Amino acid sequence: LALLFGAMTAVIALVFVAMLLRLRAMWLSRRRPMHAAVVVLGDIGRSPRMMNHAVSLANAGFQVSLIGYAESEPPLAVRENQNITVRGIPPPWKLPRNPKIAYILLAPIAALTRALTLFCTILQGGNKGVILVQNPPSIPTLLVARVYSWFVDGSALIIDWHNYGYTIMETTGAPRALIKLASVFEHLLGPTADGHLCVSEAMCKDLARNWQIRGARVLYDRAPARFHQRSEEVKRALIQRLEREEGIMRYADFYNEDDTPRADRPPILVSSTSWTPDEDFDMLFAALRNLDMMLLSKSAMGGAPQPSMQLIITGKGPLRAKFEALLKTSPLSKIDVWTVWLKADDYPALLGCAQLGICLHTSSSGLDLPMKVVDMIGSGVPSLAVRYNCIEELVSHGKTGLLFSDSKQLAQQIQQVVGSFPYDTEKLDSMRDRLQSEHGVRWEEEWHRSAAPVILSNIAFYATTSPTPTTSPANISQGRVAAKSPSTDEKKSKKA
């Protein structure tokens, strides 16, 4: 509650500053450079969709300010793009929970500081044509972006709806009054945006039905080109380096002394996570225990011996230590589990070498889709995902992956798909083939088809008011979405 009130008090100072800046902007040249701000109030390096937006805008000729917490290093596609400037925001304060009086006093100051810092960061880089904001988090992002676009330079505000902020708060045990206020805040400011993107068809329908946002465009996540299957040579070099630098996997389990692949090499399973309560790690551990017993039973019955199955879980978060403690107290015999935080460019390479992906994501709203599965699809890796409302928009059960509801199902599915790897890969190969035939669209193509028209329609004003624009909005689509040329009658009317 204190955070909400702190964010709302920031609007008074922001409006006064913004009005002065608006007057200043009126005196600036009418020529508007094509600048865009991509805003995510989270770790930039762990926000793949917003990084993809930034790269697509930059490739279209925009000068992009990518704004967020600069905690993890972004991939090369972001770092080496000359049109992208990463503008880091200091991470939020870690407020003391006890004594409560200290939290009550400091929370409004922290919220005000965060709002002002975000506002000042958006100011950097000059006037904008468009501000693209990730939601959630909603507070204070929506308020700051809306105030800036209304009062500073008139830039178009586009919200990319990943989920609903208040539904995530419901999973944290926040007080009901606070959740209600957050819901009101989100419902009031969300519909005021000039354009809307969202991650699923189910969310698009919900925005129209419950938010009165009827112009939202579904932009499905697609893996960028850096996610693809890797050659045996790349796989060999990666396993060597990960063993040497990260201490995970053993080269000898996969390759003979002459560097040829072992006939009994184990499958590689990958799961990425933020180690937060919305993913059920107790279910994963129970599934691994069940699977371990299956593999031990198979070995005891005279099955072909092979090295332990390899599961790599990559990510940072609060529940990682608890899961690692479980593994130490109850070790597994036939499964090696590695927990690690990989570099931004090593994660796509690892996925490209894997046989199977595991996704524990459950949606707080039941309307969003997990980006980690998108990356697996781009890498040609079938995925096992938790079943929920709209997940079948992404994973076709039995065709491109499998859906599970409990630990027993997950264990059985892992055994079914890779339990006899590499001797029997019929099920695995079948799903890989379906992935290639049904999910051939990459991010750039999807972005030009779905996001470019929304951006184009909302920045057209800048193209008509700038006498010599450096970049035409039509370039956004690189020929896929052409700006409508004015007719002769329109030209005469405009001249008159």
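The model is predicted, so local features are given only at pLDDT of at least 70 and side-chain atom pairs only at pLDDT 80 or more, while totals for chains, interfaces and linings use all residues. Residues are numbered from 1 along each chain as its sequence is written, and side-chain values use heavy atoms, with hydrogens and water left out.

The protein chain holds 18 helices and 13 strands, where helices (H or I, at least four residues) and strands (E, at least two) are DSSP runs numbered from the N terminus. Of its 496 residues, 52% count as buried; buried stands for under 20% relative accessible area, exposed for over 50%, and partly exposed for values in between (1.4 Å probe, protein chains only). Contact is defined as heavy atoms within 4.5 Å. Among contacts between residues at least 6 apart in sequence, 73% join residues at least 24 apart.

Two strands are said to pair if DSSP finds at least two bridges between them. Strand β1 (residues 35–43) pairs with β2 (residues 63–69) in the parallel sense over 6 bridges, and D43 has Y69 of β2 as its bridge partner. β1 also pairs with β4 in the parallel sense, here over 4 bridges, with V38 opposite L132 in β4.

β4 runs parallel to β5 (residues 156–161), and 6 bridges join the two strands; I131 has L157 of β5 as its bridge partner.

β4, α5 and β5 make a right-handed β-α-β unit. Right-handed here describes a path from the first strand over the helix to the second that runs clockwise, with the strands pointing away from the viewer. Within this unit, A145 lies in helix α5 (residues 141–153) and is buried because its relative accessibility is 1%. Beyond its neighbours within four places in sequence, A145 is in contact with I131, V133 and L157. The C-alpha atoms of A145 and A193 are separated by 9.5 Å, although the two residues are 48 residues apart along the chain.

Helix α7 (residues 176–189) has 14 residues and reaches 20 Å from first to last C-alpha, close to the 20 Å expected at 1.5 Å a residue; the expected span is 1.5 Å times one less than the number of residues. L178, I179, A182, S183, F185, E186 and L189 are buried in α7. They cover an arc of only 160° around the axis, so they lie on the same side of α7; the arc is that of the directions from the helix axis to the C-beta atoms. R176, A177, K180 and L188 are exposed on the other side of α7.

How many disulfides does a search of the whole structure find? The search returns 0, a disulfide being a pair of cysteine sulfur atoms within 2.5 Å. The sulfur of C198 is 4.5 Å from the closest cysteine sulfur, in C204, and therefore too far for a bond. C198 is buried at a relative accessible area of 0%, and C390 is buried at 5%.
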